[in-house]
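Me: I have a structure to read and some terms to sort out. Can you take me through them?

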Amino acid sequence: MDAGEKSCLETLKRYFGFASFRPLQREIIRDAMSGKDVFALLPTGGGKSLCFQLPALLRPGLTVVVSPLIALMKDQVDALQAAGIGATFLNSTLQSADARQRLRGLHRHEFCLLYAAPERLMLPGFLNDLRNWNVNLIAVDEAHCISEWGHDFRPEYRQLSQLRAIFPDVPMMALTATATTRVREDIVKLLQLRDPSRFVASFNRPNLSYRVVAKARPSAQVLAFLRERPRESGIVYCQSRNGAERLASHLAQNGIPAKPYHAGLTARERNDNQELFLRDEVRVICATIAFGMGINKPNVRFVIHYDLPKNIEGYYQETGRAGRDGLPAECVLLFSAGDTVKQQRFIEEKPPQEQQIAREQLRQIVHYAESGGCRRAELLRYFGEVFHDANCGGCDNCLSPRATFDGTVPAQKLLSCVFRVRQMSQFGVGLNHVVEVLTGADTEKIQRWGHKALSTYGIGGEHTRAEWQAIGRELIRLGFLRQDPGKFSTLELTDEGFRALRERKKIVLTKPMAAPPPREKVRRSGEISCDEDLFDRLRQLRKSLADERNVPAYIVFSDVSLRQMARYYPDDDEQFARISGVGEKKLREFGAVFLAEIAAYRGAHPRQIFADDSFQPRRG
């Protein structure tokens with residue numbers, strides 16, 4: 001180990017309380033320290049922030065962090081200050097006196113980290129100040145916001161392209177958690193990164209489990225889910241503001257502390273509800289997609305999608321807000337074919353040039369929801385990553401594989417109907433029309449096009465229209481049919497579909513999703529077994545200490561730290577310092593009171609022994 005790496009590890013433990021790095025952090029920090037431009041794609045919870053926070057402590061000068069969200073700035077600055085690090089932010093929430101005080105501190109070089117929004121950063125007067133503050137690194141967080149191809153494009157990020165000319169000698173770091181190949185190239189080009197080191201971590205979040213549940217009385221489904229997890233907090237994503245309001249009200253009336261969050265609330269209402277959630281006063285936030293990006297609450301134990309997301313990229317980003325601390329968390333999607341129809345209506349309201357992309361994105365998320373294959377593999381495939389395990393052990397389809405059936409006869413009927421329609425009319429039709437022909441509907445189009453004369457008209461009475469729709473979508477997924485991405489989504493047989501029709505090839509189809517099986521107790525990735533009663537007592541102590549300091553509980557210690565304390569029962573400063581997340585300042589400030597609580601508990605309860613009781617602190 002060279003002197004530089006030793007210094008990094010010592011600083012990592014001293015301020016952040018971690019004994020080792022997460023994947024790619026060491027390499028990103030090394031290149032940032034050497035003055036190189038860096039592009040880093042790390043999944044949510046992968047430790048992006050540490051990649052610029054640690055170099056800020058090791059190099060003289062000021063690291064400027066560009067962040068789009070006020071909540072994120074305050075959250076990270078609170079956590080850094082709690083660890084004894086000189087950090088501050090400047091944004092529109094500050095009173096003028098407070099802003100002037102922070103500016104004076106920056107002129108006196110009292111801080112090593114400054115968080116600012118892009119619109120504030122690019123003000124001419126502010127840029128002049130930056131030139132006098134010895135900027136050593138500009139880190140652009142949520143960098144996908146600069147690309148129109150990203151899922152959260154923000155026009156104000158485009159101004160950041162000027163930074164290279166203004167600070168030609170200052171290295172830059174671009175960080176994001178979700179970006180396709182096209183968006184990555186956009187980021188590098190628009191920020192004018194010079195021959196950057198590129199780091200792309202795996203998109204796999206092994207501590208997250210994925211489940212899709214057939215949607216039926218969804219408010220009751222959510223309520224039942226929450227009652228099974230009385231001590232856990234999470235986010236429920238709804239498509240509409242009214243939906244978020246209604247669900248939050250329903251949960252609150254049934255004894256679940258819940259609040260809504262959406263753009264229709266005032267800024268004060270949104271901020272208050274978010275703060276209640278961050279401080280564990282509210283268990284559940286019912287939100288539109290306006291909530292979540294940059295929220296650093298590490299103990300979100302579940303994310304439920306009450307409605308179908310618009311695309312896989314947004315779904316991945318939203319599920320990524322669960323389990324940031326590395327402990328197990330659940331991601332549940334409630335799905336019904338009716339949600340697909342709603343999304344299609346929204347797409348028709350978009351400008352024509354956006355509709356084709358939106359339809360393809362909708363097709364992909366529906367494919368994910370209806371697939372009988374591994375959910376994790378499906379998500380990773382979208383981002384160009386191959387998941388090599390046959391069974392991920394953490395999704396519904398791997399833990400409880402869906403039943404299949406010999407679907408040769410219905411597949412033959414549907415494929416034949418597609419072929420006969422095109423043969424008679426010399427044009428293709430969409431899946432809805434094919435299903436209407438199969439089920440013998442008497443629509444205006446069937447009459448106008450003469451499709452009652454088809455040999456396949458009315459031969460599908462054994463299945464409902466919804467069942468035929470599902471069969472058709474699965475035949476598309478399996479490659480027997482091709483669906484045009486245009487407005488009418490017309491169908492045609494692929495070469496494989498023609499072969500299946502001619503050869504009467506056996507086709508195995510998946511049965512629709514049934515009710516979810518009873519919740520099983522299985523050991524999950526990231527789980528830390530511990531003395532649950534002691535963990536609860538430590539949570540209560542943490543909450544009271546956080547309330548005294550007017551900060552969220554996780555600013556004091558994360559759940560990971562508390563679960564390690566409740567597993568290893570440290571009884572002196574040396575053992576306490578080995579707990580993940582215990583740096584020098586937190587040891588001084590909180591060590592005695594937590595050790596006293598653990599000792600008091602041990603005086604009345606026997607020590608529990610766990611299968612693997614070796615002391616192995618977690619990584620950053």
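Reply: Start with one definition: two strands pair if DSSP finds at least two bridges between them. Keep in mind that this model is predicted.

Me: What makes strand 1 and strand 7 a pair?

Reply: Strand 1 (residues 38-41) and strand 7 are joined by 4 bridges. The definition asks for at least two, so they count as paired. They run parallel. Within this pairing, Ala40 stands opposite Phe199 in strand 7.

Me: Which sheet do they belong to, and what is its strand order?

Reply: An open sheet of 7 strands, with parallel pairing. The order is 3-4-2-5-6-1-7.

Me: Why do strand 3 and strand 7 stand at the edges?

Reply: Strand 3 (87-90) and strand 7 (197-200) each have a single partner strand, so one side of each has no neighbour in the sheet. On average, neighbouring strands here are turned by 15° against each other, direction ignored.

Me: Which strands does helix 2 lie across?

Reply: Helix 2 (residues 25-33) lies across strand 1, strand 6 (172-176) and strand 7. Its angle to strand 7 is about 160°.

Me: How do you know that strand 10 and strand 11 pair?

Reply: Count the bridges again. Strand 10 and strand 11 (residues 284-287) share 4 bridges, in the parallel sense. The cut-off is at least two, so this is a pair. Here Lys259 stands opposite Ile285 in strand 11.

Me: What is the strand order of the open sheet of 6 strands?

Reply: The order is 8-13-12-9-11-10, with parallel pairing. Strand 8 (208-214) and strand 10 (258-261) are at the edges, because each has a single partner strand.

Me: Why is Thr319 called buried?

Reply: Buried means under 20% relative accessible area. Thr319 has 1%, so it counts as buried. Its place is in helix 13 (residues 312-319). Leaving aside neighbours within four places in sequence, Thr319 is in contact with Leu208, Tyr210, Val303, His305 and Cys331.

Me: Which residues touch the most other members of the largest nonpolar core?

Reply: Leu130 and Met173, in a core of 110 residues. Helix 15 (residues 352-370) gives the most to this core, with 6 residues. Beyond its neighbours within four places in sequence, Met173 is in contact with residues including Ile28, Val38, Phe52 and Leu137. A second, separate core has 28 residues, among them Leu538 and Ile579.

Note on methods: Residues numbered from 1 in each chain as written. Predicted model: local features only at pLDDT ≥ 70, side-chain atom pairs only at ≥ 80, totals over all residues. Heavy atoms only, no water. Core = buried A, V, L, I, M, F, W, Y, C linked by side-chain atoms within 4.5 Å. Buried < 20%, exposed > 50% of the residue type's maximum accessible area, 1.4 Å probe, protein only. Contact = heavy atoms within 4.5 Å. Axes fitted to C-alpha atoms, helices over the stretch in contact; angles between N-to-C directions.
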